[in-house]
Amino acid sequence: MAAIVLASVITGNEPRAAHAPQVANDGTRVKYHPSPRVRVAPNIVFARYGKRSLRLDLYLPIKSKEAVPGVIVIRGGGWMVNDRTESAHVASALAERNVAAASIEYRTADEAPFPGAVQDVKAAIRWMRANAKRFGISPDTIGTLGGSSGAHMALLAALTDDRDLEGAGGNNSVSSQVQAVVAMATPTDLRRLDAGGRSVVARFLHASPEQNPKLWARASPVNHVRAGGPSILLIHGTADEAVLPEQSSQFAELYRKAGGQVELVLLPKAPHPFWNYAPWFEDTMNRAATFFHRVANQAK
């Protein structure tokens, strides 16, 4: 039963009763509302695997006069939920802040075992870069953003360049390299989660850590720290009980020692899915957009 409860908590989209211990009394769920400052290009196919198509919704700032940073938004869900509309409020908020944001779906762990979902993120990155000029996006400043398991995919896709992680979803002659990552409440070392968390990961990897320790190590972003990687912003709530803040702080220390550019923000008393709730949502979106624009300005 404990594993089932944690599987709900780790999604960032759980029923209210399930996450009561993880949300402050004054926390209010943020809902998507169309913005007059944002244009939405919905239901775009970005990857194909045989007869299977994956789609995204692209949120674009209306008044931008120059190419803007582009971001792939990956929702959490224990690697088991691919409803891209659940990240609409995040993508729209970024577009309001002059960042083009694509909220994507991905193949769940039941449909495609690891590294299927990571391949989907890379396919989305390639699609955005291939279509950047069409949508007023800078092909030289593309990033990823996610929360919980979505953050894991955002970070792992950004850190790795293994050929088998690229997949064959389309635009394979285009680079999947990113320049920036915003990762919120990220499980960076899958083997160091508690028993409930590891049971969720086992569903994702189709193996326990005892059955395939090399796979668990490969799927953990902490084992892909290297010099020359993208700029990273890690945001974590100090009250997170599903993924402890040490997962972010220890990764930040390793990345910094390797020569990477990383920022760590710890939000006092914030729960695991803080990016979905007031009073943390607006501050988080401001931090993320500012970070993406700073990376873009440095690249000019």
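Start with K257, which is exposed, at a relative accessible area of 66%. Keep in mind that this is a predicted model. K257 has a salt-bridge partner in E253, with the closest N and O atoms 3.2 Å apart. E253 is partly exposed, and its relative accessible area comes to 40%. Both residues belong to helix α8 (residues 246-257), where they sit four residues apart, or about one turn of the helix.

Salt bridges can also share partners, and that is how D57, R84 and E105 end up joined into one network. Across the whole structure, the count of salt bridges is 15.

One of its salt bridges goes to D164, and here the closest N and O atoms are 2.7 Å apart. D164 comes from the loop between α5 and β7 while R218 is in helix α7, so this pair ties together parts that are 54 residues apart in sequence. D164 itself is partly exposed, at 42% relative accessibility.

R218 also forms a salt bridge with D162, with 3.1 Å between the closest N and O atoms. What does this pair tie together? D162 lies in the loop between α5 (149-159) and β7 (180-184), and R218 is in helix α7 (residues 213-218), so the contact links parts that are 56 residues apart in sequence.

Technical notes
Residues numbered from 1 in each chain as written. Predicted model: local features only at pLDDT ≥ 70, side-chain atom pairs only at ≥ 80, totals over all residues. Heavy atoms only, no water. Salt bridge = Lys/Arg side-chain N within 4 Å of Asp/Glu carboxyl O. Helix = DSSP H or I, 4+ residues; strand = E, 2+ residues; numbered from the N terminus. Buried < 20%, exposed > 50% of the residue type's maximum accessible area, 1.4 Å probe, protein only.
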